[in-house]
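Here is a note for a colleague who is opening this entry for the first time. Please keep the view at hand while reading the points below.

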Amino acid sequence: MNHLPVLPVLVPLVTGALLLLLERRHRMSIQRIWAWLGMLAMLAVSVTLLVQVQREDLLVYLLGDWPAKLGITLMVDRLSALMVLTTTLLAIPCLMYACAGWDKRALHFHALFQMQLAGLNGAFLTGDLFNLFVFFEVMLIASYGLLLSGARGARIKAGMHYVVFNIAASVVFLMALGLLYGMLGTLNMTEMAARIAAAPPERTMLIHAGAGLLLLVFCAKAALLPLYLWLPEAYARAPAAVAALFTVMTKVGLYAILRVYTLMFGEAAGPLANLAWDWLLPAGAATIVLAALGVIGAPRLRIAVAYLVLLSAGTLFVAFSLANPGAISAGLYYLAHSVFVSASLFLLADIIQRHRGSNGDYLMPIASMPNKTLPAALFLVAAVSIAGLPPLSGFIGKLQLLNSVPESQLAWIWAVILGSSLMTIIGLSRSGTRLFWRIDASPSDAEAPPVRRAEIGAVLLLLAYGIAMTVAAGPVLRYTNAAAAQLLDVDTYIQTLRQTDPQIREPSP
C-alpha cells in the first residue's frame, strides 16, 4: 500500500512497454490478452486507490524518496482518485470496441493506448507543475499517434491542426513555468500555494502574469471559447474508440484549472485570490451557448457529439467558477456522467455510420437506415441522458448544479443551463429524426452489416455507467461533496506535505 499512488502510472507504462516488445513476434490476439491483463490490473489499482483515500484522506508519495523541491511528488486526494477511476472505467469499453477489429488497422495501437492512460493518470496524480507538463506531453504524444494512425484525407488535416495547436500551447506552458519558478523558487503546487500567500508585493504582478499564462494553456486544453476551434473536427474525424477516449482529454484541462486555482490561488492567496473565476464564469456560459448552437446546426452526427463534449466543458467551467462546495460537487458528478455518455455517442455514431453505407453519419433529410431498432433505442437513452432529462444522471448533475447557484447569479445561469438543455433536445431530436424516422421498410435491411457483440457491449457498458450513477446517486454525491470540501481545504494540503517532507520549511517573505 505504501507504493499504491505510483501504480496508476506504472501499470500502463509497463504494459505499454511490454506490448511494444510483443508487436513484432506475436499475433494480435496475444497483444489483446496482455492489454486486457493490464486493464484489469489498472481497474484493481483504481478501485483500491479510491478506497484508500476515503480512509486516509490524502496520500503523498515522494518518488525515490527525493525531497519535494527536487523530485517527483504524487499527491492523491478524493478528486484525483475519482479522475483515475473515471479514466479507467472509460478505457475499458474503448478497448473493448477497438478489439472488435479496428486495432488491426492502427500501428502500435495497444502500446499508444496504454501510454495515453499513463499520461492521463500522471496528470491527475502529480503534485508538481513541471511534472504536470511532462504528463501532459506523454498524454498528447500518445494521442497524436492514436489520432493519425492509418489516417488520410480530412483526418490528416484535422490531426495536424490538433498537433500544431497543442505544441503551441505547450510552449506557452513552459514560459509560464519558467516565470513562476523564477518568482517562487519551486514548482511543487502545495509549496507554491504557501509561497504565493507570503509573496512580497513587488513580485505579485509577475506571479499574476505567470498565472494568466497557465490559465490560457489550461483553457486551450479544455476548449474554452474562443480556444475551441481545434476540437470539433479533430474529435469527429478520430477513429471511434479513440474519439471516445478523447472525451476525458478536455477534462484534464478543467481538472488542472480546478486544482491549480483552488490550491495555489484560493482564498488564502492574498491579492491573487480567486483571480480566475470572474473571467471563466462568463466565458463558460458563452461556450455553452455556442456549443448548443453547434449541436443544432451540425451536418454530421459525430460533429454534433463533438459539440456536446464542448457543451459539457462549458457547463463544468460554470460549475467550477462558482467556487462553492455544492457547485464543485455537482460539477464532479456531471464530469463523470458527461465523459461516459459522450463516449457512448461516439461509438454509436460509428455503428450508425456503417449501417447507413454511403450516407455515413451525415444528417441528410430522412435517409433510410436498415436494422435501425437497436441503434435507435441506444441513441434514445444516450440523448435523454446527455440532454439532462429525468430520470438519468444528466438530470441529477444539472439539478445539483442549479441548486448551488448563488441568488445573485440565479437568473442568468439558470437561463443558460436550461436554455442549452432545450437547444440540445432540439438538436438531438433533429438528428434522431433524420437518422431513424422512416415509416416505410427499407428494402436493404438484409444487406445491413452485422453488428459485432463487442461493439454493442461497449456502448451498453458506457450507458450502464450512467444508469449506475443514477441508481447510486446518493453515495456518489456524498463522495463528490467530500472531494469538493477537501479540495477547498488548502491548509491540510500544505501541512500534509510538510509532515511528509521535513525539508520543506515555512517560506520567508
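1. Tyrosine 162 is buried, at a relative accessible area of 2%, and tryptophan 230 is likewise buried at 8%, where buried means under 20% relative accessible area with a 1.4 Å probe and protein chains only. This is a predicted model, in which local features need pLDDT of at least 70, side-chain atom pairs count only at pLDDT 80 or more, and totals for chains, interfaces and linings use all residues. Residues are numbered from 1 along each chain as its sequence is written, and side-chain values use heavy atoms, without hydrogens and water.

2. The structure holds 18 aromatic pairs, counted when ring centres of Phe, Tyr and Trp (its six-membered ring) lie within 6.5 Å, with planes under 30 degrees apart called stacked, over 60 edge-to-face and the rest tilted. Among them, tyrosine 162 and tryptophan 230 form a tilted pair, 5.7 Å centre to centre with 50° between the planes.

3. Ring pairs also join Tyr144, Tyr162, Phe165, Trp230, Tyr235, Phe246 and Phe346 into a cluster. Within that list, tyrosine 235 touches residues including Trp230, Phe246, Arg302 and Phe346, leaving aside residues up to four places away in sequence; contact means heavy atoms within 4.5 Å.

4. Elsewhere, the charged end of arginine 300 sits over the ring of tyrosine 362, 5.8 Å from its centre, a label that requires NZ of Lys or CZ of Arg within 6 Å of the ring centre and within 35 degrees of the ring normal.

How values were computed: Buried < 20%, exposed > 50% of the residue type's maximum accessible area, 1.4 Å probe, protein only.
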